[in-house]
Every structure is written in C-alpha cells, then in structure tokens.
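Hi everyone, thanks for coming. Have a look at this one with me, and then I'll walk you through a few spots.

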Amino acid sequence: MGMEPETTVRLAVKSDAEAIARIYNEGIDDRVATFETEHRTAAYIAAQLAEKGDRHPTVVAEREGRVVAWAGAGPYRSRPCYAGVAEHSVYVAREARKTGAGRVALDALCRAYEARGFWKIVSRIFPENVASVTLHERGGFRVVGVYHRHGQLDGRWRDCVIVEKLLGVGEPAGLAAG
Ligand SMILES: CC(C)(COP(=O)(O)OP(=O)(O)OC[C@H]1O[C@@H](n2cnc3c(N)ncnc32)[C@H](O)[C@@H]1OP(=O)(O)O)[C@@H](O)C(=O)NCCC(=O)NCCS
C-alpha cells in the first residue's frame, strides 16, 4: 500500500461519467457486487448525476489524474421520515482494488453526506463479497443482519448483509421524533 501514488477525492462531475460507468461495469461483470447484470452507459450515469444534484452527490477517488474508484448514494425510501437516510454503493477499478482506494472513497462519501445533514448511510452486500464486508467494517459500519433469499442473480437466490453507519452526533432519543 505504501507504494501507491497519492489518492485524492472530490465530488464527481459530468465528465467523470465514462470512468464511473467503466468501473461500475467491471463490478457488474464480476457478479459479486450487485443484482444488476446490464452494463451502464456513460450517458445513463451522466443523467443520474444530474438528477441527484448536490443532495445526493457521488465522490471519485483519483490517482495520477485517473479516476480509480467512486462511491455514490441515493434516497433509502421516498417517505419524508427517511429523508436523512442514504443508500450507497462503492466500486473500485479492478486494477486498483485492495490498495485502499475503496476506503478513501467510502470515507469521503460519509463525510459528504454528513455535511449535508444525513443521519445514516446504509447498504446491502452479498455475504460472499468478503472485500466489501471487510471494507465496510473497517470504515465504521455495523452489520445489522442478513436478508435471506433477497433476490436472484443469474437464476440463483442470494442473501444480502445489511450494513449501516450513523452520521453526525444525532439527537437525544425522544427529540428526534418530535
Ligand atoms: C469491495 C471493494 C469496493 C473494496 O474496495 P478496495 O479498494 O479493494 O478495498 P480497500 O483496499 O480500501 O480495503 C479495505 C479493507 O478491506 C480489506 N479487503 C479488501 N479486499 C479484500 C479481500 N478481497 N478480501 C479480504 N479483505 C479485503 C482490506 O484489507 C482493508 O482492510 P484493512 O483496513 O484491515 O487493511 C472492491 O473490491 C470492489 O470494487 N469490488 C467490486 C465492486 C463491489 O463489490 N462493490 C461493493 C458492492 S456492496
């Protein structure tokens, strides 16, 4: 890890769409990350970035001017009571995995959402995805539990591990519901 070039993070912009799509599609092909099986196009990602705007930003991690990882999020549910809960994803380019880029991107995403007043960030992870479960545990996430038979990937039922991280200091119990 000490041999890696410096990793920097920033919010994603439209021109990152192609790199984000490429990295996402590697994760889709690997069949470890998501129920999705269809590749994303850069145009689709660009439209998503625009739609999410500054409320649900995506962050990118760069090394030597190249995007090597991204982390993004969207609303957990549309109900107003869940407005401060985001559901996220994190993807690292194949050649950059296991070199700390995922951790840098995930930490930056948490900071960006905390700064916007979100109180919680959650995700679902296939139990077989040891890299992601480990990344999230190291990044301060808690394993909430396991959804059994949550969906099918390539015709096979899969479980999902739910993870959460509380952001910000929160309010004392009793005030939050007011
Ligand atoms: C999961 C993923 C994002 C992890 O990112 P990464 O940059 O490789 O992870 P990092 O190098 O930051 O490592 C974070 C921690 O996880 C550990 N880790 C990473 N890959 C691992 C693996 N394959 N097996 C075991 N531990 C692993 C690291 O050792 C590190 O722990 P440490 O702090 O104790 O050293 C990356 O593997 C990836 O993009 N996979 C495909 C897409 C995906 O699965 N996304 C998540 C969907 S839920």
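So, which residue in β7 is the bridge partner of Val146? It's Val161. Quick note before I go on: this is a predicted model, where local features need pLDDT of at least 70, side-chain atom pairs count only at pLDDT 80 or more, and totals for chains, interfaces and linings use all residues. Residues are numbered from 1 along each chain as its sequence is written, and side-chain values use heavy atoms, with hydrogens and water left out.

β6 covers residues 142–153 and β7 covers 156–166, and they pair antiparallel over eight bridges (pairing takes at least two DSSP bridges; strands are DSSP E runs of at least two residues, helices H or I runs of at least four, numbered from the N terminus). Together β6 and β7 make a hairpin with two residues between them, and Asp154 in that turn has a positive phi of about 50 degrees.

Now the ligand. There are 21 residues around it, and Lys98, Gly100, Gly102, Asn129 and Arg138 come nearest (near means a heavy atom within 4 Å). Look at the backbone here: an N or O atom of Lys98 lies 2.7 Å from a ligand oxygen, Thr99 has a backbone N or O at 3.2 Å from a ligand oxygen, and for Gly102 that distance is 2.7 Å. Elements giving two or more residues to the shell are β4 (85–92), α3 (101–115), β5 (120–125) and α4 (130–138). α4 gives the most, with six residues.

How values were computed. Polar contact = N/O pair within 3.5 Å; in protein donor to acceptor, adjacent residues only side chain to side chain.
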